[in-house]
Amino acid sequence: MRLSRYFLPTLREDPSEAETVSHKLLLRAGMIRKVASGVYNFLPLGLKALKNIENIVRQEMNRAGALEVLLPLVQPAELWLETGRWNAYGKELLRFKDRKEHDFCLGPTHEEVITDLVRRDVKSYRQLPLILYQIAPKFRDEIRPRFGLMRAREFIMKDAYSFDADYEGLDKSYQLMYETYNRIFSACGLKFKAVRAHTGAIGGDVSHEFMVLAETGEDTIAVCPKCGFAENVEIAPAISSEVYEPEPYRPIEKVYTPNVRSAKDVADYLGLPLKKITKTLIYIVEEKEPVAICVRGDHEVNEVKLEKVLGGKPFRMATEEEVLKIVGAHPGFIGPKGLKMKVIVDRSLVNFPNFVIGANKDEYHYVNANLNDTFVPDLVADVRKAVEGDLCPECGELLTFMKGIEVGHIFKLGTKYSEPMKATFLDKDGTEKPFIMGCYGIGVSRVLSATIEQNHDENGIIFPWPIAPFKVGIISFKPDFQEKAEKLYQELSERVDTLIDDRDERPGVKFKDLDLIGVPLQVIYGKSFEETGKVEIKIRRTGERVYLPEEEARTFVLSFGEKQGEESL
């Protein structure tokens with residue numbers, strides 16, 4: 001492709017609207033443009049990178065025996081009502097009526113549609129197992145779209161669904177997709193980690209997330225360097241390595257703590273470590289029952305764990321007005337002693353001596369509180385987030401924590417959708433049984449953002465070879481060299497995606513643009529060629545420069561591409 005004929009509106013400055021590295025560089029590199037909040041146009045360069053990701057996904061899904069379909073973005077309410085998700089899904093489900101006043105939604109996911117498709121046409125165990133997938137737009141009406149493609153309202157997703165006759169079959173399908181996802185992200189040239197995860201709104205019993213490792217990631221992963229255990233901190237067990245030093249018993253004492261509501265402020269006021277201050281938070285379960293959760297001041301409540309402790313019942317944090325009405329004091333001064341509600345205490349408070357709790361009276365706290373002496377909880381459970389210093393639940397080694405960006409998620413659904421939708425088949429014994437299902441998603445457009453978050457420097461994007469829209473960029477600085485540059489461009493274009501910068505621009509502008517858009521190899525007909533007859537080749541990732549005669553330069557470029565392809569597999 002000739003850059004003089006390419007639509008590449010690059011920007012020199014970071015757009016003010018962009019918050020993350022990937023958002024800034026996607027805009028600056030002329031890959032996307034905003035249409036509305038969380039809705040973007042893909043320009044030629046961005047679409048080319050997106051298609052490279054799609055092709056890798058499609059190749060590996062087909063290799064696994066999955067069959068591609070295309071499902072509608074617009075879905076009828078009737079299907080969602082069958083599963084109960086029409087009302088349960090929340091405001092992210094964009095609902096509307098057609099001209100006949102029938103209810104529809106824009107699909108954020110396709111479990112209902114695919115289950116309806118299969119129940120109509122798959123009648124026998126002989127037609128199983130079956131894995132169907134699509135690569136298509138989704139729409140989720142996010143309350144606060146942000147970070148560009150990372151949390152957009154409209155996005156491109158690969159979603160696949162497996163249908164099996166029994167749970168043994170589901171285990172095989174799930175393992176097949178797990179291995180396929182490992183191949184997909186390896187083929188994309190990404191550093192990633194598969195971790196056990198919360199099933200979330202999709203449901204099911206077992207799930208794994210695939211995380212692209214990046215310091216800017218929204219998610220935190222707990223990893224054991226010894227045994228390989230890896231889980232999202234949303235579900236990672238919090239097993240403290242800390243051993244509490246024994247302290248002499250001290251009688252509980254009510255103390256005046258004016259204008260200090262946060263745990264840190266209370267700690268500073270009393271001259272105590274933050275961990276000695278406990279936080280008591282009030283939650284409302286099923287919009288009627290208040291529950292108190294008590295954790296150390298240096299810990300945070302894990303609401304995913306709390307959901308399990310509460311039996312999956314819906315809950316929310318109480319408002320300040322509700323806390324004042326229920327307890328008679330403002331948040332920050334609440335404690336478990338004397339509360340007329342269920343009290344759940346994190347297990348880190350077991351054997352923890354002489355800690356501080358709120359006195360349920362504004363401006364006052366109790367010091368020297370002790371579990372089962374000052375108060376007796378209704379339940380002791382793991383309800384906090386894992387932190388540095390916690391132990392691996394499988395081997396006892398200290399966990400390490402890293403940041404990641406979720407790009408894939410796989411679930412064992414079981415009969416969550418097939419039973420309510422009466423999606424059944426005849427088994428080999430002639431009995432009617434519900435399909436055993438799995439669900440497997442990849443955020444294709446999110447992979448593009450995550451790739452940039454992981455692969456960039458101060459000059460722009462550093463695309464891995466398999467995803468790069470153009471693998472090679474050719475620059476010639478003198479008209480005398482243009483004919484040779486054109487000849488190499490024609491030869492390379494037959495084998496790899498090659499861009500020649502034939503614009504009437506200064507060399508500095510050309511270099512900056514090729515760096516910005518992440519072209520892995522830059523072939524330069526410049527000073528070196530003029531003085532020695534050798535072509536300069538710059539490797540974008542390392543900054544290394546190689547000087548070779550033209551024919552050797554051609555061989556180097558092609559072999560470099562082959563090597564990069566092999567390393568990504």
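Me: Which residue in β6 is the bridge partner of Val-74?
Reply: The bridge partner of Val-74 in β6 is Leu-106. Strands here are DSSP runs of E with at least two residues, helices are runs of H or I with at least four residues, and both are numbered from the N terminus. Please note that this is a predicted model, in which local features need pLDDT of at least 70 and side-chain atom pairs count only at pLDDT 80 or more, while totals for chains, interfaces and linings use all residues. Residues are numbered from 1 along each chain as its sequence is written, and side-chain values use heavy atoms, with hydrogens and water left out.

Me: Over how many bridges do β4 and β6 pair?
Reply: Strand β6 (residues 103-106) and β4 pair over 3 bridges, in the antiparallel sense. Two strands pair if DSSP finds at least two bridges between them.

Me: In what order do the strands of the open sheet come?
Reply: The order is β4-β6-β5, 3 strands with antiparallel pairing. The edge strands, each pairing on one side only, are β4 (74-76) and β5 (95-97). On average, neighbouring strands of this sheet are turned by 40° against each other, direction ignored. For such angles, axes are lines fitted to C-alpha atoms, for helices over the stretch in contact, and angles run from 0 to 180 degrees between N-to-C directions.

Me: Now the rings. How many aromatic pairs does the structure hold?
Reply: There are 21 aromatic pairs. Rings of Phe, Tyr and Trp (its six-membered ring) pair if their centres lie within 6.5 Å; planes under 30 degrees apart count as stacked, over 60 as edge-to-face and the rest as tilted. One of the pairs is Tyr-181 with Phe-210, which is tilted, at 5.3 Å centre to centre and 55° between the planes. This pair links distant parts of the chain, with Tyr-181 in helix α6 (residues 167-187) and Phe-210 in strand β10 (residues 206-213), 29 residues apart.

Me: Is Phe-210 buried or exposed?
Reply: Phe-210 is buried, with a relative accessible area of 0%. Buried means under 20% relative accessible area, exposed over 50% and partly exposed in between (1.4 Å probe, protein chains only).

Me: Why is the pair of Phe-185 and Phe-210 tilted?
Reply: The pair is tilted because the planes of its rings lie at 35°, with the centres 5.8 Å apart. Phe-185 in helix α6 and Phe-210 in strand β10 are 25 residues apart.

Me: Which residues form one aromatic cluster?
Reply: The cluster consists of Tyr-178, Tyr-181, Phe-185, Phe-192 and Phe-210.
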